[in-house]
Amino acid sequence: TRPEGIFLAAPVVFDYLWHHRRLPHLKAITIAAVIFVTPFVVNLVYYGHLLPATSNAKIGQGQSGFWGADDAFLRMDYLRTTFFSDSKTTVFLLVGLALTGAVTLRNDHVARVSAVFALSLFYFYWMLNLPNYHWYYAPFVAFTVVFACKGLWHLSTSAITHLRLPTTRDPRRLILALPAAVAIFIGANVVTLSGWGHHSTYEAVGVWIRENTPADTSVGTLEIGSIGWYSDRPVVDLLGLVNEKNADFIADQDVYGWLTEYQPDVIVRLVPATAWEAGIAVLEEIGAYEVDQSFPFRSEPLPGSADVSGPYSANDGFPFGVQLLRKTGAVSDAEIVAVMNEARAASGFGSQP
């Protein structure tokens, strides 16, 4: 369902044609076509575009330099901290098992297709300097786990053969304990039942907006996922994941342009404000929006959180303050556009969106 699927579809098709030297049966082609076309139909009906704006947005974000001028996708140390209990040993063992599995499966053409997909996708992300969002690494983690399981199976079955040695006291029987210990060590550092990843603050903000605003209220925010879902309101994404033109603005490092296209009814802002929210301060200065004092969430950041970056915990550990700004009606949308174009011109982005 994502455009990156082409990096899997292409080697699968090539592999089939290489081995069969002919096209598949018409029935198979028809079924595959339906599966392939369905997401585009959904995109067109629901979003109004064949391709999701996320395609251009992620490329634009990489080009913007906001996440680093180069090699942003290679900066993944935070993954070890976040998902592997900051254990280099765990990562080393998992990757080692995966390489063992890859060697074991070196003659399996399905494994080779998978490897081509993973490598080409990684090169695509790295070449375009995509941001190091942790969910972009999901395919690579998945394949690492699959190959690691194969490696663990290979080591275990090799160890089991030594259990059949005629001498029961043969020390080689103890080799079975090695893969078991490795698996337990990795599991203890990776598996958690704590439900990490759910930002209850964003959920609460979304629920409050749903219960305190009309159904057609548009919401501008960076955090469109949970807030958009729980508020059940049309959202305007400052980074352009669901708003195509905003993606182009971000690609040019234009943090004011989105307000020349959209003037949402309310805006949810983080405190301290991020670089992408700079235009919101201008809206306050001209009286177009004001902070809603009835918004029942902490408006100040936790002490020492001004330099927070990367993943962070939710609820009481949520480091940012949150503010809701409402449109006052004192400034027309046309005037907002004019002021934002002036801000864009002053920042070197021209006078027109």
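**Group meeting talk: one predicted chain**

Let's start at one residue. Ser 64 lies in helix α3, residues 53-64. Helices here are DSSP runs of H or I with at least four residues, strands are runs of E with at least two, and both are numbered from the N terminus.

Some ground rules. This is a predicted model, so local features need pLDDT of at least 70, side-chain atom pairs count only at pLDDT 80 or more, and totals for chains, interfaces and linings use all residues. Residues are numbered from 1 along each chain as its sequence is written, and side-chain values use heavy atoms, with hydrogens and water left out.

Back to Ser 64. Is it buried or exposed? Ser 64 is buried, at a relative accessible area of 4%. Buried means under 20%, exposed means over 50%, and partly exposed is in between, with a 1.4 Å probe and protein chains only. What does Ser 64 touch? Leaving out residues up to four places away in sequence, it touches Ile 250, Ala 251 and Gln 253. Contact means heavy atoms within 4.5 Å. A polar atom of the Ser 64 side chain also sits 3.1 Å from the backbone nitrogen of Phe 66.

Now the whole chain. It has 14 helices and five strands. There are 353 residues, and 36% of them count as buried. Take the contacts between residues at least 6 apart in sequence: 66% of these join residues at least 24 apart.

How confident is the predictor? That is pLDDT, a score for each residue from 0 to 100. The chain's mean is 84, and 87% of residues reach 70 or more. Residues 305-316 stay under 50. The model has 21 contacts beyond four places in sequence for that stretch.

Next, salt bridges. The rule is a side-chain nitrogen of Lys or Arg within 4 Å of a carboxyl oxygen of Asp or Glu. How many salt bridges are there by this rule? The count is seven. Here are three of them.

One joins Glu 261 and Lys 245, at 3.4 Å from N to O. Glu 261 is in helix α12, residues 258-261, and Lys 245 is in helix α11, residues 244-251, so the pair ties together parts 16 residues apart in sequence. Both ends are partly exposed: Glu 261 has a relative accessible area of 28%, and Lys 245 has 45%.

Another joins Arg 344 and Asp 254, with the closest N and O atoms 2.5 Å apart. This pair links distant parts of the chain, 90 residues apart: Arg 344 is in helix α14, residues 333-346, and Asp 254 is in the loop between α11 and α12. Arg 344 is buried at 4% relative accessibility. Asp 254 is buried too, at 2%.

Then there is Lys 327 with Asp 333, at 3.1 Å between the closest N and O atoms. Lys 327 is partly exposed at 26%, and Asp 333 is partly exposed at 35%.

Last, the cores. A nonpolar core is a set of buried Ala, Val, Leu, Ile, Met, Phe, Trp, Tyr and Cys residues joined through side-chain atoms within 4.5 Å. The largest has 36 residues, and Tyr 125 and Leu 283 have the most contacts inside it. Helices α4, α6, α12, α13 and α14 each supply at least two of its residues. The largest share, five residues, comes from α6. Beyond four places in sequence, Leu 283 contacts Leu 259, Ile 267, Ala 288, Tyr 289, Ile 336 and Met 340. A second, separate core has 13 residues, including Tyr 202 and Trp 208.

Conventions
A polar contact is a pair of N or O atoms within 3.5 Å; within protein, one must be able to donate a hydrogen and the other to accept it, and residues adjacent in sequence count only if both atoms are side-chain atoms. pLDDT is the predictor's confidence in each residue, from 0 to 100.
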